[in-house]
Amino acid sequence: ALSAALQALKLREGDKHCLVARSKCYLKLGDTENALKYAEASLKDDKTFYKGLYQKAETLYTMGDFEFALVFYHRGYRLRPELAKFSLGIEKSQEAIVNCIGSPSSVKLENKEDLCFISRQAEKLQIKLTKDQKWTRKQKPARNPKTERQLLGELYADKVYLEQLIKDKDLMASSTKQGIKVADLVLSGISYLEARSEFWRQQKPIYARVRERKLRQQRRVRDRKRRQSEVGRYVVKSMEDIDMLLTGGSPEESCKKAEHVLKTVQGWSDDEVPNKNELIGNLHSCIGNAQLEMGWTEAALQSHQMDLELARQNDLPDAISRALDNIGRIYARIGKFQQAIDTWEEKIPMAKSSLEKTWLFHEIGRCYLELDKAEAAQNYGQKSLQSADEEGDAEWQLHATVLVAEAQVKLKDYQPAIKNFEKALEKAKLFHDEAAEKAIINALDAVSKSFMEELNKKREEVAAHSLPDDDRSSENTEDSEDREREGGEQSTEAREDEEPEEDQRNDEEQGTAEEGGNEEGKETASGGGEEGREDE
């Protein structure tokens, strides 16, 4: 940096900014004389150059000329009061003066011309100290333990230990093997620590330390907030990408993205990610969903179980509910219906809305139906229907009604099942769901057939139970009635067969009678004729 400043000064000789930069370099190197020289050179042509004033004040402060440093800090402050560095310089110079000589009321500064004579400390310091002030400096003011602890830091415990050793007169009277008195060693250690404390007091007063500490805290808070904001944006963007990949039909890419984000989050501290455990659990859930879409049911089950474990460890109710939901789905998919029921029944108290309860009751009822526990399935189906009615969701009303009807079919309660299927069919028609309509119609036909078969069986059973006790007599009676019916039929057939013959005979008899009549007529007619003739 010094070589760069020298090169810049060669290129722009006499430039006040370059002179200030060169003064800063020398001050960093500990060459206060050259630092003061170039700081004063920067003010040669412009006494109001605030950067030169500040650099000269900083150099004087480093040299221990706190009074003259205070003068130039004040000059800079009058020119540029908005700059905090001048007000800080004034305060730290005043504190250094008080630490060195006590109250500044008796301090008198002799200002001759432009104070260029301060290049040497013996010529610069024009303060006349009274005998009392000199005695005060020799005696050193009583130190505040709190202040001393702040100045010495970890070394304060050593100083306290050495001060306690002084009270041990026997130890102080002893000597080491080399002949050095222990008292001299202890006193030299205390003197060294006091000297360091005084040096640090002058170099960085308590006010400056407090201010710097506050600034560091503010900087850390600001950096932490900025870091948290960046982390928050990264997390939100990553979760959106994971969800889009999964819903877009790319579960493998979604799984890879979630695993990468999980490794990144695990490497962050709790300060950077306040809800770190919750976020890790959510990422395990995303990984499990992607694995389930890829058909990796065992891996998906493990991921969701890790989500559940983290949620329980950190007492996260929403995460527990989410994990139980996903675990139940996997159990139902692989055919472990009882495990699915146990998992979802644990989730029931955590359901927050009627719609969530509707779905939950429906799925539990389905599992019971698969286990041929129709009565339990019907109960959960009715609970699902009740929750759907409370929510006013017609689609879930349809699903719940179908579930109840199917359970009633299993229970052979056909008439209510038919009514529920008819209600479900009406709702399916409202949604114009042709597939649902077709399925319900097929189910309704099957139930109707079963219902008719059941009715026929009941009729037969009723007829069988209504017979008298003497089955034989009833059977004989029925046989005789059958025989009578058969005899009647046979006589009827015989009569039908005999009717032509009887008709023929009747016709013949009728013909004979007619012939006889004719003959009698003839005889009568002939007899009458004879009698007539006789009369004539």
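1. A quick definition to start: "buried" is used for residues under 20% relative accessible area, "exposed" for those over 50%, and "partly exposed" for anything in between (1.4 Å probe, protein chains only). Helices are DSSP runs (H or I, at least four residues), as are strands (E, at least two), numbered from the N terminus.

2. Some housekeeping. This is a predicted model, where local features need pLDDT of at least 70 and side-chain atom pairs count only at pLDDT 80 or more, while totals for chains, interfaces and linings use all residues. Residues are numbered from 1 along each chain as its sequence is written, and side-chain values use heavy atoms, with hydrogens and water left out.

3. Take α4 (residues 50-63): eleven of its 14 residues are buried, so the helix is mostly covered. The buried set includes Leu53, Leu60 and Met63, but also Gln55, Lys56 and Glu58. Expected span is 1.5 Å times one less than the number of residues; for α4 that gives 20 Å, and the end C-alpha atoms agree at 20 Å apart.

4. Just after α2, Gly30 has a positive phi of about 90 degrees.

5. At the start of α2, a side-chain oxygen of Asp15 comes to within 3.0 Å of the backbone nitrogen of His17.

6. How do α2 and α3 (residues 32-42) pack? Their axes are 8 Å apart at an angle of about 165 degrees. That makes α2 roughly antiparallel to α3 (the label applies to angles over 145 degrees). The crossing of α2 past α3 is left-handed.

7. Two single residues to look at. Asp315 sits in the loop between α16 (297-313) and α17 (317-333) and is exposed, with a relative accessible area of 60%. Its C-alpha atom is 9.8 Å from that of Glu278, 37 residues away along the chain. Pro416 is in helix α22 (residues 414-431) and counts as partly exposed at 26% relative accessibility. The C-alpha atoms of Pro416 and Ala405, eleven residues apart along the chain, are separated by 7.4 Å.

8. In the model, residues 321-354 are 74% helix and 0% strand, with end C-alpha atoms 15 Å apart.

Note on methods: Polar contact = N/O pair within 3.5 Å; in protein donor to acceptor, adjacent residues only side chain to side chain. Axes fitted to C-alpha atoms, helices over the stretch in contact; angles between N-to-C directions. Parallel < 35°, antiparallel > 145°, perpendicular 65-115°, else oblique. Left-handed = near helix turned anticlockwise from the far one by under 90°.
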